[in-house]
Structure formats: C-alpha cells, structure tokens
Amino acid sequence: MTDELRSFLELNLPKVKEGKKSKFSLGVAEPKLGSHIFETTKIPCQSGEFVLELLRGVRLHFDKFIKDLKPGDLEKAQLGLAHSYSRAKVKFNVNRVDNMVIQAIFLLDTLDKDINSFSMRVREWYSWHFPELVKIVNDNYLYAKVAKLIEDKSKLSEEHIPALTEILGDEDKAKEIVEAGKASMGQDLTPVDLINVQLFAQRVMDLAEYRKNLYDYLVTKMNDIAPNLASLIGEVVGARLISHAGSLTNLAKCPSSTLQILGAEKALFRALKTRGNTPKYGLIFHSSFIGRASARNKGRMARYLANKCSIASRIDCFAERGSTVFGEKLREQVEERLEFYDKGVAPRKNIDVMKSAIESTQSKVFIYYHVKSDVEMEEAQPDEASVKKSKKKKSKTEDAPLAATNGDASEDVKSEKKKKKEKRKMEQEQDEEEEKTNGANGDDTEQDETANKKKKKKSKDEGAAGETKKKKKKSQE
C-alpha cells in the first residue's frame with residue numbers, strides 16, 4: 001500500500017475505534033492488498049465475487065460518475081495508455097534487436113534444407129544424361145555450375161577444360177570430365193529438357209549465393225548483438241541458442257544447467273518419465289569444443305561450456321558497450337580446460353582471468369576517452385585562437401575610426417569632459433551648503449561617519465581573515 005492510498009483512505013473513511021465493530025467494510029479486488037490495508041489502518045476489507053461485480057459495474061459506468069468527463073475521453077485515455085505501454089515494450093536499441101538474428105537463423109536452416117533437396121534433384125535429373133559426373137564432382141553447388149556449363153555432353157571438348165578448371169580449381173578433374181563425357185552411358189535429352197535442367201541449376205546456384213550473403217549478415221548482426229557469445233561458441237550456434245530461448249534476455253536469464261540442454265527437451269522429458277539417463281547436451285553439441293573432447297569428457301565439457309556461455313550472454317545482454325574481450329578470455333579458459341582433461345595442465349583461476357579482462361576493457365575505455373578528449377582539445381584550440389584574433393581585429397577596427405576622426409570630434413570630447421567637471425563642482429557646492437545648514441548636528445554626523453568607517457574596516461578585515469582560513473583548509477586538504 002502506498003502512502004497516497006493510506007492518506008486517501010484515512011481522510012475519506014471514518015476512523016475505526018479499537019474493540020468495536022465497524023459499521024462499514026472496504027471492497028478490494030486483491031485480497032492480499034486488503035489484508036495489508038487492515039494491518040496498517042485497521043479498516044476492515046472485503047474481497048469476493050460480490051466486490052468484483054461491483055467493481056465491474058463501476059468500470060462500466062465510470063464516465064457517468066465524473067461530471068467533467070466527456071463520452072469519448074475514457075476510450076482515448078485507454079488507447080493512449082495501450083500505445084505508450086506497447087511503445088515502451090518495443091523501444092530498444094535499433095542495432096541490438098535480437099529478433100533479426102532469430103529470423104536469419106531460421107531462414108538459414110530452412111535454406112540449408114531446401115538447397116540440399118534441390119541440389120539432389122539436379123543431380124538426379126542431370127544424371128539421366130551424364131551419370132558419370134556425380135562421382136567426379138561431390139559438391140552440390142559446383143555440380144550445379146558444371147551442369148549449367150556443359151549443357152549437352154556430346155558437345156564436350158578440350159576447349160571446355162579452362163572454363164571447367166576455373167569452376168573446379170583442378171585441371172585433372174576437368175580433363176577427367178571431358179574424357180568421361182566422350183565415353184558416357186547416359187541417354188540423350190531433348191533441347192527443351194536441357195533448358196529446364198539448366199534453369200533449375202541456375203536457381204539452385206542463386207539460392208546458394210543468397211545463403212552465403214545471409215550467413216555474412218548473420219555474422220555481422222551477432223557481432224553487434226552478442227559479440228562475447230559469438231567469439232566464445234561461434235555465430236551460428238550462438239544464434240541458435242538465442243532463437244531457441246526466444247531472445248537474448250531470456251537466454252541471459254537461463255541458468256547454465258538449462259542452457260546446457262536447450263534443444264534436447266524431448267530427450268529430457270522422456271528420460272524423466274522412464275527414469276533413464278538425462279541428456280548431457282543440446283544445441284551446444286554443435287560446438288567444436290565438445291567434438292574435440294574425448295568420449296568420457298564430453299559431459300564435463302558441455303557443463304563447463306554452458307557455464308561460460310551463460311556468463312557471456314549475461315555480459316552481452318546487460319553491458320552498455322559491446323566488446324569481445326570477455327568472450328575471448330572465456331574461450332581461452334575453455335581451451336585450457338580441454339588441455340587439462342587431455343594432458344593434465346592446470347588451468348588458470350576464473351577470478352584471475354576475469355580481472356585481466358576487466359583491466360583490458362578499462363584500459364580500452366581510458367584510451368578511447370583520452371584520444372577523444374585530445375581531439376576535442378585540438379578542435380577547440382584553433383577556435384580560441386580565432387576568437388582572440390577576431391577580438392584583436394575588432395579592437396583595431398574600433399580604434400581606427402577614432403584615430404581617423406577630425407579635430408571637431410576631439411573638440412566634442414573635450415567639451416563633454418568640461419561639462420562633467422562643472423557638474424561635479426556644482427554637486428560639491430551643494431553638499432557644502434547642506435553641511436552648513438546642518439551645522440548644529442555636525443558633531444553627531446562626524447561621529448556617525450567615523451563609526452561607519454570603523455565598521456567598514458572591521459568587515460573588510462573579517463572578510464580577509466575568512467579568505468585566509470579557506471586557503472589554509474584547501475592547502476591542508
């Protein structure tokens with residue numbers, strides 16, 4: 001209960017005397033809030049279906065209870081509140097929106113499946129015409145390129161060897177393809193069928209090129225959003241973890257034990273049902289570290305890697321500036337742990353590694369700000385010099401017309417000075433006349449003047465003493 005609510009209730013409701021039953025009860029929608037109000041203010045509270053129905057009626061006829069409220073104001077207020085709430089939910093840093101990574105990794109996985117199935121279809125289709133090519137060229141993308149270049153196997157000759165070597169990067173393979181084309185057992189195809197095969201091969205090539213571009217985009221986005229996680233476990237595995245968790249914040253909230261088995265939920269619940277062995281790893285298995293570990297150390301390695309991944313994801317999520325320093329240090333720790341399992345080399349302590357990482361980040365920030373301040377100073381200095389030059393120029397320009405003025409202007413200046421002197425003389429004469437008229441009170445005025453002078457001297461002395469004390473304190477500090 002807030003202080004405002006308490007003061008409102010105490011002002012508007014009658015006071016409840018101790019030991020006596022109250023003639024009223026306060027209807028509250030939340031029972032816990034009602035119990036807290038009763039504890040602090042001793043006002044009896046009631047909550048139930050009856051109170052909820054009353055509150056529903058109040059909400060329905062709210063615009064009738066308030067006089068100044070117009071019919072459409074309540075709807076506008078609700079709409080504005082909804083808009084502001086949704087904006088607050090959506091408003092994040094544009095460069096750190098993890099939704100783009102989730103969409104990119106989903107699209108990358110689907111593209112891999114589609115390219116694989118399409119390239120198998122190209123192999124099967126073109127193998128009716130040139131079956132020997134499958135054994136020579138294993139890569140799907142290169143197979144589609146070669147099939148588009150060859151077209152009809154009967155037209156293959158030694159002139160095609162340089163073009164084939166450009167695609168394959170091996171002259172022996174190019175010669176082998178030409179020889180195989182001469183003694184091929186495949187059937188002939190009509191020109192229309194060959195055109196369709198070539199068009200489909202071109203589509204597969206385009207998809208493969210788009211997949212490369214998408215992978216580059218994913219790498220750049222991961223370096224912006226989660227640089228430490230990407231440098232620790234790789235861009236693709238890190239993106240898969242983020243997409244499976246739902247967002248980077250959700251992944252950062254996950255404990256390392258949950259992160260270890262992300263992607264193996266079916267196996268986990270099956271093991272819990274049958275009381276069998278629970279899975280050791282999920283999506284983390286695709287990391288190279290677990291592949292490099294021995295069979296008996298794979299579970300240990302997965303647990304250790306999940307621990308480091310949870311640290312990296314939290315740093316990426318809550319750090320103001322993105323840097324790969326912590327990710328690189330965590331990667332070094334995982335490498336050291338691998339060596340420890342294989343050769344028995346003792347790894348460094350986590351505290352020492354984190355201290356070195358923090359020191360390196362602080363030094364980088366210091367260098368950045370130092371360089372920035374130097375640049376700003378360099379930019380500011382010429383401005384100050386230019387200001388000084390401009391001031392000098394202004395003073396010269398102002399002095400120049402004065403020097404160039406005629407004798408009439410100098411005479412005007414002299415006449416003004418004479419007038420000022422005459423005014424001062426007149427004022428002095430008036431003061432003397434006033435002193436003569438107040439001759440009777442002359443002694444008193446003199447005493448007052450001397451007292452005023454003494455007071456002024458004292459105040460000046462006190463001010464000087466205070467300044468000296470302040471200087472002494474500063475010097476002591």
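Helices (H or I, at least four residues) are DSSP runs, numbered from the N terminus, and axes are lines fitted to C-alpha atoms, for helices over the stretch in contact, with angles that run from 0 to 180 degrees between N-to-C directions. This is a predicted model, in which local features need pLDDT of at least 70 and side-chain atom pairs count only at pLDDT 80 or more, while totals for chains, interfaces and linings use all residues. Residues are numbered from 1 along each chain as its sequence is written, and side-chain values use heavy atoms, with hydrogens and water left out.

**View 1. Helix α1 packs against helix α2.** Helix α1 (residues 3–12) and helix α2 (residues 31–41) meet at an angle of about 65°, and their axes are 12 Å apart. This makes α1 roughly perpendicular to α2, a term that covers angles of 65 to 115 degrees. On the α1 side the contact (heavy atoms within 4.5 Å) is made by Leu-5, Arg-6, Leu-9 and Glu-10, and on the α2 side by Ile-37, Thr-40 and Thr-41.

**View 2. Glu-10 and Arg-6 form a salt bridge.** A salt bridge is a side-chain nitrogen of Lys or Arg within 4 Å of a carboxyl oxygen of Asp or Glu, and in this pair the closest N and O atoms are 3.4 Å apart. The two residues are four residues apart in helix α1, so about one helical turn separates them. Glu-10 is partly exposed, with a relative accessible area of 42%, and Arg-6 is also partly exposed, at 35%; the term lies between buried, under 20% relative accessible area, and exposed, over 50% (1.4 Å probe, protein chains only).

**View 3. Arg-211 and Asp-112 meet in a salt bridge.** The distance from N to O is 2.7 Å. Because Arg-211 lies in helix α11 (residues 191–225) and Asp-112 in helix α6 (residues 99–127), the pair ties together parts that are 99 residues apart in sequence. Arg-211 is partly exposed at 25% relative accessible area, and Asp-112 is partly exposed at 29%.

**View 4. Arg-292 and Glu-335 meet in a salt bridge.** Here the N to O distance is 2.8 Å. The pair links distant parts of the chain, with Arg-292 in helix α17 (residues 288–292) and Glu-335 in helix α19 (residues 325–343), 43 residues apart.

Key. Parallel < 35°, antiparallel > 145°, perpendicular 65-115°, else oblique.
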